[in-house]
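User: Can you walk me through this one? I'd like to start with a helix and then look at strands.

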Amino acid sequence: MTRYLLKNKVICGYCGSMMTGVSGTSKTGAVMYYYRCKGKIGVEPCHKKLMRKDYLDKIVLDSIVSELSKPKVMSGMVDKILKMQDELIKSNPNLTILQKQKHNVERSLNNIMKGIEMGIMNNTTNKRMQELETQLNEIDRQLIIERSKTSVKLTKDELCEFYESALRMEAQLLIDILVKKVVLYDDKIEIYFNTPINVSPDEQSGLLICARTVRAKNLFSYKCPYELQLLIEMKI
Ligand SMILES: [Zn+2]
């Protein structure tokens, strides 16, 4: 069984389909392995060329290890994640809604208290006060839950440790942990990194870092020199 390091992670840059592993026999009889796009653009089959498995696996792995081993690159990436983390914590919409609700309930309770001070106390005010207190307890409970979701704030050291420890792992684990997806064109590879910050249970809106690491005239020969063009973008 040939191991495709990037199994289920390679997306065709032209049609968006998942590229799958195929094998073929060369003229010399050697078995060759490729990533292949079986997608369509309109009614036509996608024109994405076959990509040799050993080239792509090696280019992606080498690019990640060489780039993330540079302290400047690692630090820049981690700083971006920290900034994004702060923004996400600040903009938690559930927290904002709950805080507004709490404010409204507290205002109603205050009004009743004022009434009581002025001598207005009957069954209705009593019942209303109990209702509001129950509501307030419930809102407080939900606030604790919401705050706990965002209070697990990762520090710069923890983020660096996440990436550094992944870099020390064997190839398949390293890819599984660090790589979200690889978008493949005939002359460019985009590597999207995972981040350790779990901001949403929805996979589609997770945090991604895009590193356009490779731009080459011809990606079909590993010997062909390729340019590393790291461009870290945060995508939500
Ligand atoms: Zn395609």
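User: How far apart are the end C-alpha atoms of helix H2, residues 71-90?
Analyst: They are 29 Å apart, which agrees with the 28 Å that its 20 residues should span at 1.5 Å a residue. The expected span is 1.5 Å times one less than the number of residues. Helices (H or I, at least four residues) and strands (E, at least two) are DSSP runs, numbered from the N terminus. This is a predicted model: local features need pLDDT of at least 70, side-chain atom pairs count only at pLDDT 80 or more, and totals for chains, interfaces and linings use all residues. Residues are numbered from 1 along each chain as its sequence is written.

User: Which residues of H2 are buried?
Analyst: Met77, Val78 and Ile81. Buried means 20 or more other C-beta atoms lie within 10 Å of a residue's own, exposed means 12 or fewer, and partly exposed is in between, with C-beta atoms placed from the backbone.

User: Strands now. What is the order in the open sheet of three strands?
Analyst: E2-E3-E6, with antiparallel pairing. Two strands pair if DSSP finds at least two bridges between them.

User: Which are the edge strands?
Analyst: E2 (20-25) and E6 (51-52), each pairing on one side only.

User: How many bridges join E2 to E3?
Analyst: Six. Thr20, for one, has Arg36 in E3 as its bridge partner.
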